[in-house]
Amino acid sequence: MPDFSYGQVQQTSQVQRQVLSQKQIQSLKLLAMSGEDLNAEIRKAVNENPALEIVRDNAAADTPRASFPNDNTRTSYASQAGNEAAQKFQDAYENAADTRETLQEHLLFQLNVMKLSPDEKALGKALIENLDENGRHILAPASLLDKSRPVQNTAMLNKMLHIIRRMDPEGTCCNDMEESLYVQAQIAGDAPPLALFILDGHIDVLYSNDATPDIERIKRKIIKLQEASKRESFGGERAIDSLTITSADVENAVAFISRLNPHPAQGYGKAPTHYISPDIAVTEAAGEVPNTSDENEMFVENTHEKYFRITLAKGAIPSVRIAPGFNAQHHKELKKNLKAAEQFLDNLAYRKSLLLQSCEIIVKTQIGFFSSHGKGYLEELTQSETARILGVNESTVSRMANEKFMQTPWGQLFPLKYFFTNSQDKVKFALRQLIENRASGKKPLSDRELVEKLAAQGIHVARRTVAKYRTQLAIGSSYTRGKTPKQ
């Protein structure tokens, strides 16, 4: 009779596990690094491994070199005591704390005393903290919208940009000097139409090697632009189009522009600077796609005989290779160094290749965005779909996009993760645009009408889906939107 008493029972089972090799671990580590961290990791590897050497140091190449007189200038040398005193003074000067108020502190103080909603203040704070020492955007403002705050939309972004640009000092929170001057001219309220025209994308008419502005030359350039504008059948008429431009008008406009401040952020203390460099640069060019074997770039065809060039931005990342003449044949430890160096270079090459291929997918999918400068043109693109195309795990794509930035053809920086969207993002954006762009005085669109208008754009969703997304965007029904607020 079987013995059913309690006792020890031995069982065997099979468990499938994937153990990552040291090379795979290093590969994933390098893939997730930002450009700054990768730079440090490369230098660390070169210092620790004699088989590696830096071929070209882009950071060192950008460092200004000292210049010495090559004529008959007589030079003299200070004493050692003099040199030490000078060095101490220089060290004290460079290490002295800057106690002046920073631009960010000055703007945030003004923001905090304003009557704004929590979402508006959060977005305003993000915009202010995104400014560099010149008061200009580091990342594209659109990329600062918080997806977890549905009410942070394009309209709110434009509102906060408008508010911050009019804070003291006027003209910060802009893309460049030209936009800053244009904002200052608008705020002034008495800007000549010709000055506004020049600052609205035509500031190059003022550029010259002359010490003083050549009024007649500027006048000829503006008249040429005016005539070209009139020939554009699709362009709406502007104030500049009906002006008869005289030399006095040009002189008046130039004088007005010269009174504006091209550096409104000057004079404030320096906040700790966190530089963001692009990992990938996308530029647009005309003509046929070049036939090149450069491993640092790829090309994506666009319409109208144009193409996009996707280039791996070298930044401050040094080029590294196996040291020529490194002989490890008769030494066990040197063989280990050589193998480690080869693995390191393989992993660097893999990082570069995956980054370029991923950005190629992004540009191909988001071709409308890169052609039209607009978030509204972003198509659905998930990290899982990108991983499927590349034949890698989704977590690999996530690591690749981590802390990586792309410079667009118009100069703005966007985090790579900004370009990964889902169908909800596109529907919500289109829905918000339809509601916000409804002409004032017209009856608000009902959910049924919104469904129809979305369908006309090729977006087919059910009425209940529209209602759900509208609620998530904190937008009321047509009935509540149509109610007139009590005075």
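## Around Asp146

Asp146 sits at 31% relative accessibility, so it counts as partly exposed. Keep in mind that what you're looking at is a predicted model. Asp146 has a salt-bridge partner in Arg149, with N and O 3.7 Å apart. Is Arg149 buried, exposed or partly exposed? Its relative accessibility is 29%, so Arg149 counts as partly exposed too.

## Gln152, tucked into a loop

Gln152 belongs to the loop that runs between helix 6 (118-129) and helix 7 (154-165). Why does Gln152 count as buried? Its relative accessibility is 5%, and the cut-off for buried is under 20%.

If you set aside neighbours within four places in sequence, the contacts of Gln152 are Asp119, Ala122, Leu123, Leu144, Leu145, Asp146 and Arg432.

## Salt bridges elsewhere

Here's the general idea: side chains of opposite charge can pair when their charged atoms come close. How many salt bridges does the model have? The count comes to 14.

One of them joins the side chains of Glu53 and Arg321, at 2.7 Å from N to O. Glu53 lies in strand 1 (residues 52-56) and Arg321 in strand 5 (residues 319-322), so this pair ties together parts that are 268 residues apart in sequence. Both ends are partly exposed: Glu53 has 23% relative accessibility, and Arg321 has a relative accessible area of 37%.

Another salt bridge pairs Glu179 with Arg165, and the closest N and O atoms there are 3.1 Å apart. Glu179 is in helix 8 (residues 177-188) and Arg165 is in helix 7, so to speak a link between distant parts of the chain, 14 residues apart. The two partners fall on opposite sides of the burial cut-off, which is 20% relative accessible area. Glu179 comes out as partly exposed, with a relative accessible area of 21%, whereas Arg165 is at 14% relative accessibility and counts as buried.

## Helix 15 and its cover

Which residues of helix 15 (residues 394-401) are buried? They are Thr396, Val397, Met400 and Ala401. Looking down the axis of helix 15, you'd find these buried residues within an arc of 130°, so they line one face of the helix. The cover over them includes helix 1 (22-32), helix 12 (332-365) and helix 14 (383-390).

Take helix 1 as one of those covering pieces. Its axis and that of helix 15 are 6 Å apart, and the two helices pack at an angle of about 45°. That makes helix 1 oblique to helix 15. The residues that meet are Leu28, Leu31 and Ala32 from helix 1 and Thr396, Arg399 and Met400 from helix 15. Past the end of helix 15 comes Glu403, which has a positive phi, near 55°.

Helix 17 (residues 447-456) has Asp447, Leu450, Val451 and Leu454 as its buried residues. Seen down the axis of helix 17, they fall within an arc of 105°, so here again the buried residues line one face of the helix.

What covers that set? Helix 16 (423-436) and helix 18 (463-472) are among the covering elements. Helix 17 is followed by Gly458, and its phi is positive as well, near 85°.

## The whole chain

Zooming out, the protein chain has 19 helices and 7 strands. It has 487 residues, and 35% of them count as buried. If you take contacts between residues at least 6 apart in sequence, 65% join residues at least 24 apart.

Note on methods
Residues are numbered from 1 along each chain as its sequence is written. This is a predicted model: local features need pLDDT of at least 70, side-chain atom pairs count only at pLDDT 80 or more; totals for chains, interfaces and linings use all residues. Side-chain values use heavy atoms; hydrogens and water are left out. Helices (H or I, at least four residues) and strands (E, at least two) are DSSP runs, numbered from the N terminus. Buried means under 20% relative accessible area, exposed over 50%, partly exposed in between (1.4 Å probe, protein chains only). Contact means heavy atoms within 4.5 Å. The arc is that of the directions from the helix axis to the C-beta atoms. A salt bridge is a side-chain nitrogen of Lys or Arg within 4 Å of a carboxyl oxygen of Asp or Glu. Axes are lines fitted to C-alpha atoms, for helices over the stretch in contact, and angles run from 0 to 180 degrees between N-to-C directions. Angles under 35 degrees count as roughly parallel, over 145 as roughly antiparallel, 65 to 115 as roughly perpendicular and the rest as oblique.
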